[in-house]
Number of protein chains: 2
Amino acid sequence: MEAYMSSIGSKLQMLYTSDHASVVSMNLFVALLCACIVIGHLLEETRWMNESITALIIGVGTGIVILLISGGKSSRLLVFSEDLFFIYLLPPIIFNAGFQVKKKQFFRNFMTIMLFGAVGTLICCAIISIGAMQIFEKMDIGPLDIGDYLAIGAIFAATDSVCTLQVLSQDDTPLLYSLVFGEGVVNDATSVVLFNAIQSFDLTNINAVIAWEFVRNFLYLFLTSTMLGVLTGLVSAYIIKKLYFGRHSTDREVALMILMAYLSYMLAELFYLSGILTVFFCGIVMSHYTWHNVTESSRVTTKHAFATLSFVAEIFIFLYVGMDALDIEKWRFVSDSPGTSVAVSSILLCLVMVGRAAFVFPLSFVSNLSKKSPNEKIGFRQQFIIWWAGLMRGAVSMALAYNKFTSAGHTNLRANAIMITSTITVVLFSTVVSGFLSCE
Amino acid sequence: MEAYMSSIGSKLQMLYTSDHASVVSMNLFVALLCACIVIGHLLEETRWMNESITALIIGVGTGIVILLISGGKSSRLLVFSEDLFFIYLLPPIIFNAGFQVKKKQFFRNFMTIMLFGAVGTLICCAIISIGAMQIFEKMDIGPLDIGDYLAIGAIFAATDSVCTLQVLSQDDTPLLYSLVFGEGVVNDATSVVLFNAIQSFDLTNINAVIAWEFVRNFLYLFLTSTMLGVLTGLVSAYIIKKLYFGRHSTDREVALMILMAYLSYMLAELFYLSGILTVFFCGIVMSHYTWHNVTESSRVTTKHAFATLSFVAEIFIFLYVGMDALDIEKWRFVSDSPGTSVAVSSILLCLVMVGRAAFVFPLSFVSNLSKKSPNEKIGFRQQFIIWWAGLMRGAVSMALAYNKFTSAGHTNLRANAIMITSTITVVLFSTVVSGFLSCE
């Protein structure tokens with residue numbers, strides 16, 4: 001009978017202790033998030049730091065502490081998971097960006113944004129892929145096939161809209177903000193088409209038919225994703241206007257707006273569209289229509305609740321990336337030949353800079369040709385800022401690199417390990433340097 | 001080379017299609033949540049339905065549809081997970097309850113609440129355990145040991161604070177609301193002590209020393225949990241007051257409040273305390289101190305954001321329970337002998353009613369003895385409502401039953417399957433019947 005007793009006891013106890021290790025990690029993680037907000041706020045006065053860089057540094061610091069405590073075994077509290085990133089953290093950030101974006105500025109520069117996001121990304125991806133293929137084949141970093149090189153191009157062509165939001169201010173530089181952020185959003189649609197193209201087309205003999213197919217696919221994806229976002233936004237406005245007429249309930253209105261926004265993202269993922277594009281346009285429509293149908297307190301609540309969600313998700317990502325940067329498993333391969341790793345990282349950084357320069361300046365020139373007023377033209381200083389602000393690589397690049405070069409966060413191939421550590425180096429370097437420069 | 005291409009293509013494609021089945025489920029789930037809010041709002045005019053019952057019914061309906069589509073194989077979109085429930089859904093509900101509770105009413109009835117929550121739960125648990133042991137041993141339902149019977153007592157003694165919030169109105173019946181809800185919160189601490197006691201004490205020979213140990217444990221747990229909640233609340237108030245002096249930022253304030261509240265719950269879980277008690281008192285302190293240190297827009301945002309979170313979590317739970325109710329695996333065992341299952345469910349329902357009556361009426365009498373003014377006494381009609389409102393069994397009972405009688409949501413023992421289906425029956429029956437009666 002005592003055995004029975006202890007059996008039920010331990011079973012019920014389990015409910016409260018189930019995965020006690022994960023409870024410890026969550027505590028530490030939430031406490032670190034609080035610390036990032038408080039410290040980031042305190043350092044804000046010095047004007048050369050923001051929450052993102054604070055989170056990145058705190059993340060790296062925590063990684064070192066965990067590494068020391070665990071005796072060099074592990075540096076991370078949570079394994080980097082693309083699902084967590086793409087399903088929970090990214091949607092609120094992009095939705096909030098759409099919700100708070102200055103719509104007039106955005107639509108005025110629509111063609112330039114499309115040019116940068118679609119054509120520019122393709123140019124950048126091609127240059128990075130070809131450059132990496134030429135250079136890495138002469139270096140001793142292990143076997144990489146053509147697929148890997150194309151993936152490297154796609155990974156490093158992905159401008160990180162999250163980082164961009166942090167360095168450019170919508171109020172101070174509305175034109176630059178809308179251009180660079182818009183590019184980042186359209187970029188995502190391009191990547192989806194690019195991946196599908198790599199999979200389904202025979203890229204060895206490209207001709208006009210395939211190129212046309214490619215353009216058609218892109219237009220289809222862009223239009224359907226946008227339409228889905230606009231439609232969901234309009235449906236939410238209609239529901240709230242029709243149903244809640246005269247009987248407004250703030251909780252229900254806010255809940256419906258959040259759920260519908262999230263639904264738009266998930267629907268896009270369901271139909272293999274670009275969730276980022278969809279939720280971005282859903283945010284624009286919601287702020288333009290739905291927001292004006294709700295009560296005053298719903299308006300205040302949604303405005304700040306969405307901003308808060310996005311703020312926490314951003315800090316979460318940077319903390320996560322910082323903590324994951326020290327993951328010992330990958331660095332072990334690299335420690336045999338530190339020179340190679342530094343060389344690979346530098347080459348990739350250079351390729352990113354060259355690839356970006358190769359489309360920002362020519363495409364700005366093309367865009368300027370169509371503008372009549374000199375105010376609307378993109379000056380050389382602004383072109384330089386666009387080039388530089390889009391250099392940042394962030395969590396999106398990390399997620400893509402993990403997906404391509406590891407299986408469930410682990411790898412045993414030297415070449416793959418070097419690619420992961422190089423991605424981490426590029427991400428940390430570009431974020432911290434750009435972040436510092438931007439606050440000057 | 002083509003093989004390489006398709007390899008990278010499919011790998012990158014995976015990023016967008018990873019677990020496409022789970023994307024489908026999430027879409028359906030979010031869409032159903034929206035439907036529940038809209039339909040619940042429409043039916044509210046008829047005054048005999050609310051969102052919870054709507055969610056429960058829609059959940060069961062969806063379960064039937066999925067069952068038919070899958071050809072009788074499965075009825076659920078997601079496997080019932082205690083972690084999801086205890087780590088993500090319960091904290092916002094209890095925190096919001098603390099945040100919006102009428103503090104004056106709550107603290108005036110503090111002793112009565114403690115009496116009901118601590119002594120009452122013990123009485124109820126004992127009666128249900130003994131009753132089940134006496135009756136079920138004579139029935140043919142398979143082998144159940146003493147540990148199982150004690151677990152049945154603990155499972156069915158757990159008043160569901162979530163359901164209670166739905167049937168009693170804080171504005172119309174403040175005394176009853178604070179009594180029944182407070183009981184539900186204290187209840188949780190009692191359960192933790194009860195489980196620990198079963199595990200660590202030799203219950204076969206209870207004497208004064210062990211009883212004293214038990215009381216001491218309860219007091220320790222109650223006091224430390226409360227202190228932790230109060231402390232976290234005060235720290236949040238201090239941080240926001242000190243740091244943000246003159247430089248208020250709504251996003252940071254709201255983010256800090258949410259994160260600190262969640263941290264209090266996770267810290268309590270970390271130290272094996274009662275997270276529900278902690279987060280409840282954290283909510284009380286935050287609404288009393290922190291809330292007055294923030295900007296006006298933070299006040300509006302937190303008030304409605306917390307209510308919305310809690311609202312969505314409640315609907316989520318009911319939808320989930322409704323969908324899980326039809327899980328075919330358990331009903332298959334029961335279908336051989338439907339009579340037994342109905343009998344077991346009815347017996348359990350009767351035991352719950354008897355067990356609750358056995359402490360509500362005597363303890364109300366004891367509580368009335370200490371009150372001088374007739375206004376403060378609990379009248380018979382009110383005692384009856386307390387008895388009846390606390391009869392509801394909800395997601396807490398389901399979570400406990402799944403934890404005890406299944407492993408990872410599956411069971412192959414007939415007795416265990418019958419216990420699960422009986423719990424589901426009791427939960428559905430008590431929620432729907434009480435819900436209907438309350439709206440009359």
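## Helix α13 of chain A

D324(A) is found in helix α13 of chain A, which covers residues 296-324; helices here are DSSP runs of H or I with at least four residues, numbered from the N terminus. With a relative accessibility of 1%, D324(A) counts as buried, a word that stands for under 20% relative accessible area, while exposed stands for over 50% and partly exposed for what lies in between, using a 1.4 Å probe and protein chains only. Between the C-alpha atoms of D324(A) and I378(A), which are 54 residues apart along the chain, the separation is 38 Å.

This is a predicted model, in which local features need pLDDT of at least 70 and side-chain atom pairs count only at pLDDT 80 or more, whereas totals for chains, interfaces and linings use all residues. Residues are numbered from 1 along each chain as its sequence is written, chains are lettered from A in the order in which they are written, and side-chain values use heavy atoms, with hydrogens and water left out.

## Salt bridges

Over all chains, the whole structure holds four salt bridges, each defined as a side-chain nitrogen of Lys or Arg within 4 Å of a carboxyl oxygen of Asp or Glu. One of them joins E183(A) and R356(A), at 3.0 Å from N to O. E183(A) belongs to helix α9 (residues 174-200) of chain A and R356(A) to helix α15 (residues 338-370) of chain A, so this pair ties together parts that are 173 residues apart in sequence. E183(A) is buried, at 1% relative accessibility, and R356(A) is buried as well, at 1%.

In chain B, E183(B) and R356(B) form a salt bridge whose closest N and O atoms are 3.0 Å apart, and both of these residues are buried. Another salt bridge links the side chains of R299(B) and E296(B), at 3.7 Å from N to O; these two residues lie three residues apart, about one turn, in helix α13 (residues 296-324) of chain B. R299(B) is partly exposed at 23% relative accessibility, whereas E296(B) is exposed, with a relative accessible area of 52%.

## Packing of two helices in chain B

Helix α6 (residues 110-136) and helix α7 (residues 146-157) of chain B pack with their axes 8 Å apart and at an angle of about 135°, where axes are lines fitted to C-alpha atoms over the stretch in contact and angles run from 0 to 180 degrees between N-to-C directions. The helices α6(B) and α7(B) are therefore oblique to each other, since angles under 35 degrees count as roughly parallel, over 145 as roughly antiparallel, 65 to 115 as roughly perpendicular and the rest as oblique.
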